[in-house]
Amino acid sequence: MQNRPNKKFKTRIFRVFIFIAFVPFLLISYNSLSIITKTRKQNIAELQALALETAGEKIKKFLDQKIETFNLVVSGAATDLAEIDAANLNHLIDSIQAAAGDVLEINFIDKNGNEIIKRVAAENLPKSNISQQPEFKATVAGKNYFGPVVYTENGPVMQMAAPVENKDKEIIGAISAIINLNSLQTVIKKIKLGNTGFVYLADSDGYLIAAGNTKFGSAGDNIKPIALAANVIAGNFRDGLAAGDRYVNSLGEEVIFAGRPMGKINWFVMSEWPKKDAFSAIDSLIKQAVLTIAVSLILVIILSFFITERVVKPIEALNHGAEEIAKGNLNYRLDLKTGDEFETLGERFNIMIKALKENQKLRDEFVFIAAHELRTPVTAIKGYLSMIMDGSFGQVPDKIESNLKIVNGANERLVQLVQDLLEVARSESNAIKIALTPLSITESVKTAINELKAAAGKKGIKIIYEKTAEDKKIKADSYKLKEVLANLINNAIKYTPAAEADKPAGEKEKTIKIKHEIDGDYLITRIKDSGLGMAPENMEKLFSKFYRVKTDATANIEGTGLGLFICKQIIEKMGGEIWAKSKAGQGSTFSFKLLLA
Ligand code: ADP
């Protein structure tokens with residue numbers, strides 16, 4: 001019972017600790033993590049935009065470098081390419097091919113759109129003469145031309161055309177070339193986002209030209225099924241840039257998307273950055289935070305356990321001390337060595353117990369002196385009363401005799417009380433004199449029964465002695481043992497209501513049964529009555545000084561509440577034990593055990 005409130009206190013302290021340690025910690029962690037995550041999101045978007053820009057620039061540079069090699073100025077003053085002889089043109093083709101690289105077909109076209117010379121380095125190429133297209137006219141008028149991407153077995157190819165000028169900056173024809181765009185793959189591959197993010201390039205019809213990750217797809221694949229990519233191509237994004245949106249790609253991975261048009265040329269650069277990779281730094285931060293929280297939770301638990309122990313232990317000790325005092329153990333002393341207020345409290349507690357003990361001693365002494373002083377007069381009264389009633393001082397008139405009997409009865413009780421008080425005082429000062437000798441218990445039981453049989457008989461109670469251990473001898477003080485037996489049998493009679501003179505048929509006979517039992521080295525004596533019995537809650541203090549059960553049934557039964565206390569003192573002094581079992585309305589059994597001789 002005493003532990004429950006303490007445990008509550010412990011849990012309370014514990015909760016406070018957890019609260020103080022964790023709530024701010026969790027809030028700070030949560031806030032900083034959300035700020036970090038937000039920043040990281042921005043960061044990712046910026047990084048992606050930057051990657052797209054870089055990719056765009058690199059691709060433009062690639063195309064510009066190619067076209068620059070075609071932007072020829074021929075040294076002569078010829079006004080049309082047709083005027084320049086084939087050997088010279090072939091020579092020019094050689095040098096352009098070497099400079100441009102990736103050239104699959106090269107074609108000189110005169111001002112009128114006629115092919116003058118053509119060199120083909122690959123098969124199955126798209127139709128190369130663009131002289132009839134409006135773009136060619138623009139080329140001849142001085143503009144570079146970038147044709148649509150065509151996806152061939154050699155990879156994505158593209159036709160480019162550039163004007164050819166003479167030394168007077170006059171346009172004299174054009175160079176048309178089909179170049180292989182496979183090298184774009186290398187350009188794009190170099191642009192990386194984190195560990196696994198990559199960039200890809202698509203044309204205005206949604207076909208893939210090159211991708212930084214070959215698993216993503218190969219040239220010519222339609223990327224329009226990727227809704228975000230399709231949207232970018234359709235020009236559905238503000239500022240032409242889409243970033244931060246996520247989708248699950250064909251590899252089943254959640255990725256962050258970004259995409260934008262390239263500007264001058266009608267192509268689109270886009271990127272995919274696996275979310276896991278993009279947020280890997282944050283993930284490890286979260287992991288670290290969780291670990292830190294877990295570790296500090298354990299530390300706080302350990303710490304608060306020690307602190308609560310430190311706080312609760314002295315309280316428990318005080319609690320225990322108070323309990324001992326309540327039980328009457330005034331020799332109990334607290335030993336709190338905490339070096340703080342608790343230690344002072346412990347010392348004060350001890351001083352308090354000491355004062356209580358001194359008080360008790362004074363009271364006991366007072367009781368002893370009072371009882372001792374009372375003994376002589378009450379014994380004298382007893383003697384004289386018996387002499388008067390015997391007629392030693394002459395015939396007593398009937399009227400006086402009946403009153404004398406009442407006086408005698410009251411005096412008997414007074415004598416008993418004085419005797420009890422003296423016994424208690426003696427036991428308290430350890431002055432009960434016990435002389436243990438081997439004796440047969442039956443003798444003592446018989447004497448006690450003989451003395452009380454008449455009183456039992458008056459109430460219609462039969463005392464039955466079931467002698468089961470006659471020959472056994474025990475170690476006891478014969479006089480004190482008789483006192484115990486008399487007390488217990490007397491109680492059994494006292495607390496058994498008198499049998500009705502005309503008891504209804506079937507009602508049990510009122511009896512007091514006494515018997516013995518051997519229990520190892522001990523002999524148990526049981527005194528069983530069929531009396532009032534007691535409820536369990538009334539039995540807790542049964543053997544305490546002055547304790548009496550207060551019920552309607554016991555209200556008119558006289559007594560001091562000292563008998564059982566004295567019995568306990570005597571039995572324990574003789575090295576034995578005494579106890580009782582009872583149920584309200586069902587009689588009681590008082591038992592004691594003493595060592596066998
Ligand atoms: P007293 O009998 O003088 O009151 P005791 O110390 O002998 O004091 O007994 C203490 C109390 O225990 C009694 O007041 C009584 O209520 C209860 N008691 C003792 N013996 C019995 C018994 N045999 N049956 C029922 N109650 C008993």
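In this predicted model, helix axes are lines fitted to C-alpha atoms over the stretch in contact, and angles between them run from 0 to 180 degrees between N-to-C directions.

**View 1. Packing of helix H10 against helix H11.** The axes of H10 (residues 441-458) and H11 lie 9 Å apart and meet at an angle of about 35°. The crossing of H10 with H11 is right-handed. From H10, the contact is formed by Ile 441, Ser 444, Val 445, Thr 447, Ala 448, Ile 449, Leu 452, Ala 455 and Ala 456. H11 contributes Leu 481, Lys 482, Leu 485, Ala 486, Ile 489, Asn 490 and Ile 493. By class, this contact of H10 with H11 comprises 12 nonpolar, 3 polar and 1 charged residues.

**View 2. Polar side chains at the ligand.** An N or O atom in the side chain of Asn 491 is 2.8 Å from a ligand oxygen atom. In the side chain of Asp 529, an N or O atom is 2.8 Å from a nitrogen atom of the ligand. For Arg 548, a polar side-chain atom lies 2.4 Å from a ligand oxygen atom. The ligand taken alone exposes 530 Å², of which the protein buries 98%.

**View 3. The shell around the ligand.** Two or more residues of the shell come from each of helix H11 (478-494), helix H12 (563-573) and strand S19 (588-595). H11 gives the most, with 3 residues. Of the 18 residues around the ligand, those that come nearest are Asn 491, Tyr 495, Asp 529, Arg 548 and Leu 564. The shell divides into 9 nonpolar, 6 polar and 3 charged residues.

Methods:
Residues numbered from 1 in each chain as written. Predicted model: local features only at pLDDT ≥ 70, side-chain atom pairs only at ≥ 80, totals over all residues. Heavy atoms only, no water. Near = heavy atom within 4 Å. Polar contact = N/O pair within 3.5 Å; in protein donor to acceptor, adjacent residues only side chain to side chain. Areas by Shrake-Rupley, 256 points an atom, 1.4 Å probe, with all protein chains shown as cover. Helix = DSSP H or I, 4+ residues; strand = E, 2+ residues; numbered from the N terminus. Nonpolar A, V, L, I, M, F, W, Y, C, P; charged D, E, K, R; others polar. Left-handed = near helix turned anticlockwise from the far one by under 90°. Contact = heavy atoms within 4.5 Å.
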